[in-house]
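Visitor: Could you walk me through a few local features of this model? I'd like to start with some strands and then look at a pair of helices.

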Amino acid sequence: MKNEVIASQFELLADILEIQNANPFRVRAYRNAARTISSTAESLSDLVATKADLTQFAGIGKDLAKQIQEIVTTGQHAGLEDLKKQVPSGVLDMLRIPGVGPKKVSVFFNELGLKSLEELKAACEAGQISQLKGFGKKTEESILANIGQAAEHAQRISIADARAAAETIVEDLRKLPEVGQCEVAGSCRRRKETCGDLDVLATCSDPGPPMDCLAGHYLVEAVLQRGETKQRVRLKTGVEMDLRVVPEESFGAAMQYFTGSKEHNVVVRQRAKDLGLKVNEYGVFRGETQVAGRTEQDVYAAVGMPWIPPELRENRREFEWADGGAIPELVTIGDIRGDLHMHTTASDGAATIEEMALAAKERGLKYIAITDHSKRVSMANGLDETRLRKHWEDIRAVRERVKGIEILCGIECDILEDATMDLSDDCLAEADWVIAVLHYGLKQPREQIMKRLMTAVKNPHVDIIGHCTGRMIGRREGADVNFTELLKAAADHQVMMEINAHPSRLDLDDVHAAAAKDLGIPIVISTDSHSVNGFDVLQFGVDQARRAGLTAADVANTKSLKDFRKLIKK
Ligand code: DGT
Ligand code: CA
Ligand code: CA
């Protein structure tokens, strides 16, 4: 069972309890536990299996440990199942409406008896919501504008699609003479793997021009809601975007607030409170006086913290790092000197060895490895030993011709379903660089998956495990990998781990890349390019590494080839 499954049960428990106006401490205990669990690299279900003490984790006491055990061993949480019977599922659907949380849902359900999205919609249309204490016309309008999204079960989009759309619109808004600053916020700025919706902030004394520009933008299909400072639109791709227009003196505070994550902001707000301050999207206030808000730096400084890179704002380790003056200097795309995973026309790539080498050189790379597929991937024209040896000869010939970039003779070798390698050891021994990967049989039971991965890790010629789980974000679950076992073995056997930069893979994910770093395993960020444009995805891999808190020193392909070679196992 994946940690996220356990975490989501606790989240749901917290939501239902909050809807029922339960003790806030109990609610918070479940939320804290959910957060701890989802940001833990070790598999809790493995820990339960080995009877490990779960109370070692922050926020997990004896009682929660027992509940985790119950979820892992029985597949469900009896208490949660009981609670679910007390709240109609239509009530829980309301939680998916942007801007609506358990507190509001509690009022809709307990005071108005609303049980579904349809009933809530009707109540809004009848003006019942704006008459509730603490609610206004604005909330009612916002619910009406956003309820459709909850009904459709909002589809998250990849970070690549999110950035492409958001950055295009931001660039166009910046061209308006009236607009001062304009930036992307939300999960897109945090570079999460996927985004639920897009959030853009602009400064302008009159919200009219930026809102009109957005309404007429060629990427926009419809305006869903337009208020005084906020506009919500649906793009033609289906994804929705919020534009908020704020004054210059609040821009930093709005960026801080709308970048999130919610969990990060909860801590920032609490710290402000402890200092007798109040933080909101308009600024940091002592009483009525604004003490910060123009820049994010000011906002963090006012609450006694250094600026925190957006990629780290998930309430994982960033506050501990901030307190210790030890926020890592995150790796940047400019640090990357080599790319060690790419394909050519020898298997399923679109460009020749020479074309790939020249394109890599043009992008400033100092070294590459050509790593075409092995024979098991027959769909991709994978290479057997004979063809591979000939291919390496071709690579050596290009190496002679093309100056200014070093080219390694590599291979992306499949780890077969029966836990043997697709190519002979003799052949692998001749390679400069061997990536071992799972492509087939991803649904095999965890035991067999681990047998396969351990075969690869223990193979003396394997240098790295590529796209470890084989997941395709939003399309295909990855293999059931026991990361505790795998990463320990990788550290012991001097095997590196890849962050595959392709936005549909991003595999390792942020949590496991952080765990690999903790074990001192060198991470390689690779593009897995299948054409000369394939190198474009490098940024997404770097972002994933940044979310994991990785510095240049943690990423092996920031090194010179000479130093990189020292990390390869003998
Ligand atoms: P997403 O859109 O699901 O990928 O994730 P985000 O993080 O972009 O979330 P979104 O779009 O709902 O809101 C953007 C940020 O605004 C969020 O990260 C934190 C802040 N925010 C939004 N709604 C609330 C709220 O109800 N409470 C607090 N504290 N912060 C909020
Ligand atoms: Ca968002
Ligand atoms: Ca939003």
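What follows is a short chat about strand pairing and helix packing.

Guide: Before we start, please keep in mind that this is a predicted model.

Visitor: Okay, in what sense do β8 and β9 pair, parallel or antiparallel?

Guide: Strand β8, residues 278-280, pairs with strand β9, residues 283-286, in the antiparallel sense over three bridges, and the two form a hairpin with two residues between them.

Visitor: And which residue in β9 is the bridge partner of V279?

Guide: That is V284, which lies in β9 and is the bridge partner of V279.

Visitor: What does β9 form with β10?

Guide: β9 and β10 also form a hairpin, with two residues between them, and G287 in its turn has a positive phi of about 65°. The pairing of β9 with strand β10, residues 289-292, is antiparallel and runs over three bridges, with Q290 in β10 as the bridge partner of F285.

Visitor: Switching to helices, at what angle do the axes of α20 and α21 cross?

Guide: The axes of helix α20, residues 446-458, and helix α21, residues 483-492, cross at roughly 10° and come within 10 Å. Angles under 35 degrees count as roughly parallel, so α20 and α21 are described as roughly parallel to each other.

Visitor: Which residues meet there?

Guide: From α20 there are M450, L453, M454 and V457, and these meet E485, L486, A489 and A490 in α21. By class, this contact of α20 with α21 has seven nonpolar residues, one charged residue and no polar ones.

Conventions. Residues numbered from 1 in each chain as written. Chains lettered and ligands numbered in written order. Predicted model: local features only at pLDDT ≥ 70, side-chain atom pairs only at ≥ 80, totals over all residues. Heavy atoms only, no water. Pairing = 2+ DSSP bridges. Helix = DSSP H or I, 4+ residues; strand = E, 2+ residues; numbered from the N terminus. Axes fitted to C-alpha atoms, helices over the stretch in contact; angles between N-to-C directions. Parallel < 35°, antiparallel > 145°, perpendicular 65-115°, else oblique. Contact = heavy atoms within 4.5 Å. Nonpolar A, V, L, I, M, F, W, Y, C, P; charged D, E, K, R; others polar.
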